Structures are given as structure tokens and as C-alpha cells.
Amino acid sequence: MLEITDLHATVAGKAILNGLTLSVPAGEIHAIMGPNGAGKSTLGYVLAGRPGYEATGGAVTFDGQDLLGMEPHERAAAGLFLGFQYPVEIPGISYLQFLRESLNSQRRSRGEPDLSGGEFIKLARSQAALLGMHAEMLKRPVNVGFSGGEKKRAEMVQMGIMNPKFAVLDETDSGLDIDALRAVGAGINRIMRAPEKGVLLITHYQRLLDYVEPDRVHVLRNGRIERSGGPELAHELEREGYTEAAA
Amino acid sequence: MTDRATDTVRNREAHEAAEKLADYEWGFVSNVEQEFAPKGLSEDTVRFISAKKNEPEWMLDWRLKAYRAWLEMDEVSWAKLDIPPIDYQDAYYYAAPKQKPKLGSLDEVDPEILRVYEKLGIPIEEQKVLAGVEGARKVAVDAVFDSVSVATTFREELKKAGVIFLSISEAIREYPELVQKYLGSVVPQRDNYFACLNSAVFSDGTFVYVPEGVRCPMELSTYFRINAENTGQFERTLIVADKDSYVSYLEGCTAPMRDENQLHAAVVEIFAHEDAEVKYSTVQNWYPGDAEGKGGIFNFVTKRALCSGDRSKVSWTQVETGSAITWKYPSCILKGDGSVGEFYSVALTNNRQQADTGTKMIHIGANTRSTIVSKGISAGRSNNTYRGLVRVLPRAENVRNFTQCDSLLLGSDCGAHTVPYIEVKNPTAQIEHEATTSKISEDQLFYAMSRGLDQEAAVALIVNGFAREVLKQLPMEFAVEAQKLLGISLEGSVG
């Protein structure tokens, strides 16, 4: 579903990804773990098309399409979702307005009709409820005044509303207390665990993987995949640290 | 207009016409015959205008006095604007649709004119009103087509409430004592060069009088529009709110595409008595000129309110996206004790546009309060200046002012400037001033785009969020229009 082949990328002229190769088939959840500075967030941004994160070599195909040739909003319309490590505040725009415009923009790109105001609010309310988020929160400006945990929960509500084919979740578990972690984990399973979908979970720690069991675990270091394994690899990393495990 | 099929056809034709114009969506010229005043400006021009309007002697004298004063005055030079020389002899000062019988309602208006409104995207609510839909929200439209009011709706209902809502020409004939009492009482003839010019040659405009204790039963709305080539537009608006009355007035403008620069010098005067409240909202979208700055309207406007009575309140809200040059400072003279002045502004400039706009809050009475919220958005190679004065006079005890000026920059070739003047002569005053300048955030843009919005939609969204505090002050139908306008005005400005 997502095929990354020998990907090289630079940020501000500095090489961060150095020949990363990774394949996530439909129906699978893969975890990417690795030490700070390994290039985990860069991978997320390159996949989503952030300006300034430049792919200098290699290829990425998503459902057979050349992902790197697409604009960020075209990637979203194609079914790619990036869960942000640090969700961004947009003052003056309510979550409801933001998500409705975004979703309808995606739908128009795909030749689907707009959701009406009523249909959208129903969808948004149900997704918020499933994530244990009060629907009133969605009337507030995007992420403004939200706690770290609330922002991450809101990212998952967004994912539920967008219902993407593939999600890249960048440290969605950081800053979450245990209840929020459980809710977020359940959300990922509910929304994304499906034969036609895929997930790339970027994380530092094993703890999210207690709730979302990965099919594969990869260790990212120095801009490439250093090691891959089954779920047991995450436990090994947790026990022994990245340096030991890599050796 | 009551025939739905006709409506649909009209809408389609209007849309097709609008689509033909790629750069300026609302740039079109309609084919209503004009009757021009001779080109140029002289005492004869002033007499021609006054005679055309069947004005009484005192009005002609008032105009001539202004004209003679104007000859002695100089153009303003202190604004941060690059104003090309204006040849006042190379313009027409009067153009009106050919005389037609007086109409009972807008239904009888020339379909050509209605088509123009259609193209302007008059809000649905008003279209319903125009179409006579039962239960439609009431908005009275005094249609200023070019220089003469063509028809006025809801006059009867307003009359029942005692509200006078007329073109100023009609008011001069029908309520001469009221007009004579208040005209020039807030903006004196010699106030400034452009106000003085307006006093001499004003073509038409609106007069509103709300009697004591009356809450105006509907929002009053006027559409201004420059329609004749080379026609200066000199609107004159006078709003008088008597004791304990309330009125909300909406003004929206857009102008057709034009190659030469056009001068627009309007004057708006608001007189608020004891406990009266006036809300004045503007969406201004005069033709801004092309991407190179060619053409476009010069908008030199004098808007001022006198909060004469105790506890009176005047609130200005403006969304300014148009004009090549904007020079405009809606102000409040807070004379009555406990009176309140508010100014909420969004000024957006793109390409080569220049705007120097802001407000003046003059605190004369005790316990007077003012609030200023200004949001400047600059894109392209434009220049956007907030210029504001807060003055507290020696006898004004316990004055409070809060000012917030935020500037948002799109790109690196535009300019944002904030020029606050604060003059406090009474130590009990509490004055707060906050100002920020920021560039549109790449984090926000990418976040919005990663959710599916293209770049233009993402920019429009972020800019609307930036302007929200001001937009929410607008009546609903105007707010929707203003939001769209911000997006349209920024198209192609990032990338």
C-alpha cells in the first residue's frame, strides 16, 4: 500500500533520510521506533509533503500513485493522514468549520458531493463521542487553549472524521496520561484496523504498542531502517535501549 | 422577480457574465443611459447639480460656500500614501439614470439595474426581500445606482415606525429643516480637502432619522456603485439618532472595471443624541486596480460620529478590501458623559494597493469609553497603515480606551505600519494599546493543507480566523459576504 524505496531527504540542506526503504502492505500497522534525531518526524513530514522537507532521491508510491509528486492537499484527498506530534493552533476558526471545509475539499477532489452542515455535525459529534471528547470542544478555535492531551485526542477525532486509507501518526502517544492513551489506542484500532487500510506509528516508547499491536516494528537510525522485526522487537528495544538492540 | 424561472435565468446570465471576467469578478459595465453634468468643476457645475436635483436656494448657497472654501484648500499630504496628481477638471461630477417615474417598490426597477445587483451578489436575504418572499428577514435597501436613488423599499413600514430613510436629495426637499439642522454639524465643510469637495458637489446619498425612543425595525442597507466612466462619486450620508433610539446601517460597495483612476470622496455624518445607539457597518470593495496597480478607485472618505448625548454609542465596523488608495478614518467624538465609541476594522491590501486607515476617538465627556480593534492584512507589494488617534481632553474624567492593532503579512514585498497617536490631558484616563505584527505561519498553512485544503483555501481560512474578532461584529449576511471577499481578494497572493 505504501512503498518507500531508497528515500533520501534533506532539511535546510542537511541530509536527514539516507536511503530509507520500507513497505507497509494494506491491512497492517507498522511501528517506527528510534532515538531522537533519527529522522522519524522528518519521515512523517516528507510523506505528507511539508515544504522545506525535500525528497532528494528515491521514490514513494501510495496505492500505486507517485506520492512525492503530489501537493499536501492532494495527498490528503488520496487518503493520507498525518497525525501531528505538535498540533497547530488556528485562532478564530472553530474545529467544526476547519474540519468541514477540509473534509468537503477532499470530497470534491474525489468527485464526491459535499456533506451538508447537518450531516457533518452528526459525523463530528459521533467521532468526538467515540474518543471521549466533549462535542462542545469542537466549537472552540482549532487547538487554541487545548492541553497537550486534548490536542492529541483532537487529532484522533480528525482522523475519525476524515476516515483516511493510511495514517502516519507522529508520536501521537507523547503527552498522554494513561486514560487518554487507552482512548487514543482504541481509536486507532477502531478507525484504522481494516483490511484495506494501513498505519505507520512513529513512537519512542513501547507503551502505545500495548494498545495498538503492530504487525511489524522497524528501528530508524541515521536516516535509514536499521532493523525490522515482529512485535517482540519493541519489547526488546524497551528493555535494552536502541544502542544495545541495534548491535 | 416573483417568477422563480425568471430568477434562475437571471442568476445564470449574471454568473456567466461574471465568469467572463477573470481578474475582477465583479468588473462589468451596465448599459443604463446617463445624463452627465458638463466635464470639469466650476461654480456652474455646482449650480448644474443643484438645479438637476431641484434643490432649494439654501442648499445651493451651502454648496457654493463649500466650493469657494475648497478652492483655497490643499490636498492632504500627511498620510503614508503615494497619491498621483488628480486633475479635478478632467472628471464628470454628476451622472444619473435618465428620469423615470417614481417607483413604488424595487419590483418596478429597470431589470438592467436588478441584474447589476445580481452580479454584485446581493445577499440571499435581500434577494428574498426583493422577490417578495413571505417571512424574509427585513432589510431595507435604498438603492443608490450611480448618483441617484432609484427606489426605496420598506419606506411605508419605516414611516409607520417614524423612521425617515430617504435619499439625501429627497430629504432636502421633504425635510429641509432636519437636513439644514444637521448637515455639516459633525463634519464641517472646511474639515478637510475632500470633505469640502464633497460638500460642494455631493451627488446623492442617504438620510436617516430615527425619532426618540424608536428602535428601527430593520437593518438599513445601501449599495453604492460607480457606474459611469470618469464619474467622481460623492456620496453624502447623514444619520440622526434621536434620544434613546437605535439603528443599524449597512453599506456595501463594489465598482466596475475601469482603466482611469476614479475619485471617490464620501462624507458620512452620524449624530447620536442621549442614550441613542448607531451601528454602522461597511464592506468596501471598490475596484483596486490591476496587478500592476493600473486603474482602481481613489477612496478618500470622511466618516465621523458625534456622540452628543450622554450614554450615546456609535460603533463603526468596516471590512476594506478594495480601492487603489484608501484614506479613511471613521471617528467618534465622545462628547456626552458616559458615551461609547467603537471601531472594528479589517483592511486588506494586495498587489499595489495602498491603505492608510484607522480611527480617531476624541474623549470630551466624563466616563467615556472607546474600543479599537484593527486587523491589517498586507499581501503582494501593497502598503497598509493603521493610523489612529486617542485624545483625552482635560475635563474628561475616568476615560477608558482599549486599542488592539494586529498586522498580518503575506509574502515579503508588502508593508504594514502602525501609527498610533495618544494624547492624554487627564491623569485619570486608562489607555491600553496592544500591537502585533506577524507573517502568515508556515505551520498553520501546512497543517491546513495536510487536512485537504489547497493553498488558497488555507490562506483564506487563516486570514478569516485572524479577522474573526471584527467579522463577528457584522450582521450575519454581511459577515458571510465579507468572509468570501477576504478569500477572493487574496487569490494568487501566496505561492
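Predicted model: local features only at pLDDT ≥ 70, side-chain atom pairs only at ≥ 80, totals over all residues.
Two strands are taken to pair if DSSP finds at least two bridges between them. In chain A, strand 1 (residues 2–11) and strand 2 run antiparallel and are joined by eight bridges.

Four strands of chain A make up an open sheet, ordered 2-1-4-5, with antiparallel pairing. Strand 2 (14–24) and strand 5 (65–66) of chain A are the edge strands, each pairing on one side only.

Stepping back to the whole chain, seven helices and 12 strands are found in chain A. Because its radius of gyration, 18 Å, is close to the 18 Å given by the globule rule for 247 residues, chain A is as compact as a globular protein of that length. The C-alpha trace of chain A spans about 55 × 40 × 35 Å along its principal axes. Buried residues make up 45% of the 247 in chain A. Of the contacts in chain A with a separation of 6 or more, 70% are between residues 24 or more positions apart.

Chain A also meets a partner. The contact draws 21 residues from chain A and 19 residues from chain B. On the side of chain A that touches chain B, two or more residues each come from helix 2 (72–77), strand 7 (90–94) and helix 3 (95–109) of chain A. Helix 3 of chain A gives the largest share, six residues. By class, this side of chain A comprises 14 nonpolar, five polar and two charged residues.

Note on methods. Residues numbered from 1 in each chain as written. Chains lettered and ligands numbered in written order. Rg over C-alpha atoms; globule rule 2.2 N^0.38 Å. Buried ≥ 20, exposed ≤ 12 C-beta atoms within 10 Å, placed from the backbone. Contact = placed C-beta atoms within 7 Å. Nonpolar A, V, L, I, M, F, W, Y, C, P; charged D, E, K, R; others polar.
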